[in-house]
Amino acid sequence: VHSYTLEVEEKRKLLGDDAAKHARISLAVPKGAKLEEFTALTFLPDGNKIPVDAKSATIKDGRLTFDMPQATKGAVLAYRYKVYTRELEGLSQWPFQTQHPIVRSTFRMRLNTNTRLPFSFRSSHPSQQPHFDTKLRSSGDGEQFQWLVWTMKDLPAATDGHFATLQIGN
């Protein structure tokens with residue numbers, strides 16, 4: 001039996017005058033995923049931080065959805081979540097790049113050691129490549145697992161519809 005733990009951390013910077021319409025975040029997660037951890041903060045341009053109530057994050061129909069408070073021009077929306085799933089159905093890619101500049105995007109996947117995961121990376125510019133790392137770990141009960149980690153930093157907004165994307169699966 002395969003199982004997966006997906007851990008995502010992202011920071012988006014809002015530069016446009018239409019920042020408020022981007023307060024609702026909706027992200028693809030595998031079907032049947034269970035939310036294990038969630039934290040989110042809006043960093044305002046004046047330095048204040050506004051947390052998101054973790055109970056407001058919901059998973060429905062393969063989407064994790066939550067609202068970021070006071071999404072204004074110049075704010076940074078930062079969130080981190082962890083989901084557990086027995087299948088990857090419904091999650092065929094992870095977009096590192098969006099229509100907003102990304103300060104940092106990290107996608108971590110925990111796999112059983114005997115699990116192979118085919119993946120590829122599609123860049124929006126030839127110089128873009130994610131930092132990739134894999135680490136073998138042991139849980140508290142001695143069970144071995146592996147972490148696959150992809151990280152990208154300081155991505156500009158994708159304006160031409162070509163996004164830096166991790167393709168998961170065949």
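Start by selecting strand 9 (residues 102-112) and strand 12 (residues 144-155): they run antiparallel, and ten bridges join them. Zoom in on Met-109 and you'll find Leu-148 of strand 12 standing opposite. Bear in mind as you go that this is a predicted model, with a mean pLDDT of 81 and 90% of the residues at 70 or more.

Colour by pLDDT next. Among the elements, strand 4 (residues 49-51) has the highest mean, 96, while strand 8 (residues 93-95) has the lowest, 71.

Time for side chains: the structure holds ten salt bridges. Pick Lys-82 and Glu-7, which meet at 3.8 Å, N to O. Lys-82 is in strand 7 (residues 76-85) and Glu-7 in strand 1 (residues 4-13), so this pair ties together parts 75 residues apart in sequence. Both residues are buried.

Arg-108 belongs to strand 9, so here the tied parts are 99 residues apart. Glu-9 is partly exposed at 21% relative accessibility, whereas Arg-108 is buried at 17%.

Last pair: Glu-37 and Arg-80, also a salt bridge, at 3.6 Å, N to O. Glu-37 lies in strand 3 (residues 34-43) and Arg-80 in strand 7, 43 residues apart. Glu-37 is partly exposed at 36%, and Arg-80 is partly exposed at 31%.

Finally, select Glu-7, Glu-9, Glu-37, Arg-80, Lys-82 and Arg-108 together: they are linked in a network of salt bridges.

Terms used: Residues numbered from 1 in each chain as written. Predicted model: local features only at pLDDT ≥ 70, side-chain atom pairs only at ≥ 80, totals over all residues. Heavy atoms only, no water. pLDDT = per-residue confidence, 0-100. Helix = DSSP H or I, 4+ residues; strand = E, 2+ residues; numbered from the N terminus. Pairing = 2+ DSSP bridges. Salt bridge = Lys/Arg side-chain N within 4 Å of Asp/Glu carboxyl O. Buried < 20%, exposed > 50% of the residue type's maximum accessible area, 1.4 Å probe, protein only.
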